[in-house]
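Subject: Structure handover

Hello,

Please find the structure below. My notes on what was found in it follow.

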Amino acid sequence: AERASLAGVQHVVLVLSGKGGVGKSTLCSQLALALRGAGKRVGILDVDLCGPSIPRMLRAQDSAVHQCDSGWLPVLVGQDQPIALMSIGFLLERPDDAVVWRGPKKNALIKQFINDVAWGELDFLIVDTPPGTSDEHISTVEALRPFQLLGAVLVTTPQ
Amino acid sequence: VRHTVLVLSGKGGVGKSTFSALLAHGLAADETKQVALLDIDICGPSIPKMMGLEGEQVHQSGSGWSPVYVEENLGVMSVGFLLHSPDDAVIWRGPKKNGLIKQFLRDVDWGEVDYLIVDTPPGTSDEHLSIVQYLSAAHIDGAVIVTTPQEVSLQDVRKEINFCHKVKLPIIGVVENMSGFVCPKCKNESQIFPPTTGGAEKMCQNLNVSLLGKVPLDPQIGKSCDRGQSFLAEAPESPATLSYRNIIQRIQEYCEQHHLEEEKIM
């Protein structure tokens, strides 16, 4: 049987907040960079389909996703022990294109991001989410259930 | 409803709800105008707290749901009023959210309204598609798009501008929030969110949309929102208040002018 694509991932960490603009994506990028600096193999899955911030934050906004036999290849950032990234940002024809999708289409892509991306062997997969508690969050948690979901980090600001 | 203004942003946390609340207060300062504020952010409804209406309930009558009134001429509706506890998470998929938005538009007894302001969640998804669709029979004057100066915000806001073009929603203009901070003691100005790619000003030039104004950071804004007070009333001398008032006036002028143009056509 084919190896499920998150099977080689040791820990999955979800970064959540009810609120927008509090620094979820910022934390995800910095956390990934710090873990990689500590010698870990890291990936970031960006499931914010309307406002994907991860590509720019890792300076990968001009990268494209390629396919292989086991599915999509994540975008690799950095030379030494690169960080593996997946985001809808890499799939847009133009960066300013609005992704105007209703729930079912968003859910289908999230499932693909989890099951059809060849993530490989990773110590940590960090999942960046959009604000709210809706389709993306429900679908992500459901699709991650079979895997090593360590838990969620919640981000806020003081007010 | 005479005028409808949608407050949008691709990005979260840039001040849409803050702006919606202040726009509502600003317009309602004219007691002859009837103002309605509709909060369709179903997952993160901020309007009840910002308007000092936490804990209020919605009443039903023969003519529908009653909005919650802040002033006689300022009524508010939000999913926040329908929750048993303010910490209850609304974990709904798109179709259920759309259903509630339809109800807000159809079953709320707003009465005669001069301005309907619609506060939205961040993004370009179910809520945004639905509100544009459901209001298409009525007339939306346009959208006010809110951003902050940094590129991480602008890149999402450009998408929102494209969304507006796609659904043929006129753009009244862009508001740049958190645009600099002036220290009240030494009067030095700092760019807390540096506009590394030219800020909203450059983006508006490039995309040929109006920049309605820039609002500086003022810690009093967040405080007033937390306390459910109108920042415009609490800090009338703040440079941020001046900016907000100018922006609100420009929005009023836009709406009035379009009304006149329509009347001419008719």
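Pro121(B) touches Ser9(B), Lys16(B), Ile40(B), Asp41(B), Glu127(B) and His128(B), leaving aside residues up to four places away in sequence; contact means heavy atoms within 4.5 Å. Pro121(B) sits in the loop between E7 and H4 of chain B. Helices (H or I, at least four residues) and strands (E, at least two) are DSSP runs, numbered from the N terminus. The relative accessible area of Pro121(B) is 6%, and the residue is buried. Buried means under 20% relative accessible area, exposed over 50%, and partly exposed in between (1.4 Å probe, protein chains only). Between the C-alpha atoms of Pro121(B) and Ile40(B) there are 7.0 Å, although 81 residues separate the two along the chain.

This is a predicted model, in which local features need pLDDT of at least 70 and side-chain atom pairs count only at pLDDT 80 or more, while totals for chains, interfaces and linings use all residues. Residues are numbered from 1 along each chain as its sequence is written, chains are lettered from A and ligands numbered from 1 in the order in which they are written, and side-chain values use heavy atoms, with hydrogens and water left out.

Next, helix H4 of chain B. The buried residues are Asp126(B), Glu127(B), His128(B), Leu129(B), Ser130(B), Ile131(B) and Val132(B). In chain A they pack against helix H3 (103-115) and helix H4 (135-144); in chain B their partners are strand E1 (3-8), helix H3 (94-107), strand E7 (115-119) and helix H5 (151-166).

On the interface: 30 residues of chain B are in contact with 30 residues of chain A. About 2400 Å² is buried between the two chains, and carbon and sulfur atoms give 48% of that area. Buried area here is the accessible area (1.4 Å probe) that two parts lose on being put together, summed over both. Of the area that chain B buries against chain A, 26% comes from Arg93(B), Thr124(B) and Lys159(B), more than from any other three residues.

Chain B as a whole has 9 helices and 12 strands. Its radius of gyration is 18 Å, which agrees with the value near 18 Å for a compact globule of 266 residues. That radius is taken over C-alpha atoms, and the globule rule is 2.2 Å times the number of residues to the power 0.38. Buried residues make up 55% of the 266 residues in chain B, and the C-alpha atoms fill a box of roughly 55 × 40 × 40 Å along the principal axes.

Chain A contains 4 helices and 8 strands, in the order β-α-β-α-β-β-β-β-α-β-α-β from the N terminus. Its radius of gyration of 14 Å is close to the 15 Å that the globule rule gives for 159 residues, so chain A is as compact as a globular protein of that length. In chain A, 51% of the 159 residues are buried. Among contacts between residues at least 6 apart in sequence, 79% join residues at least 24 apart.

One residue of chain A to look at is Ser25(A), in helix H1 (residues 24-37). Ser25(A) counts as buried at 11% relative accessibility. Residues up to four places away in sequence aside, Ser25(A) touches Ser53(A), Ile54(A), Met57(A) and Asp128(A).

Regards
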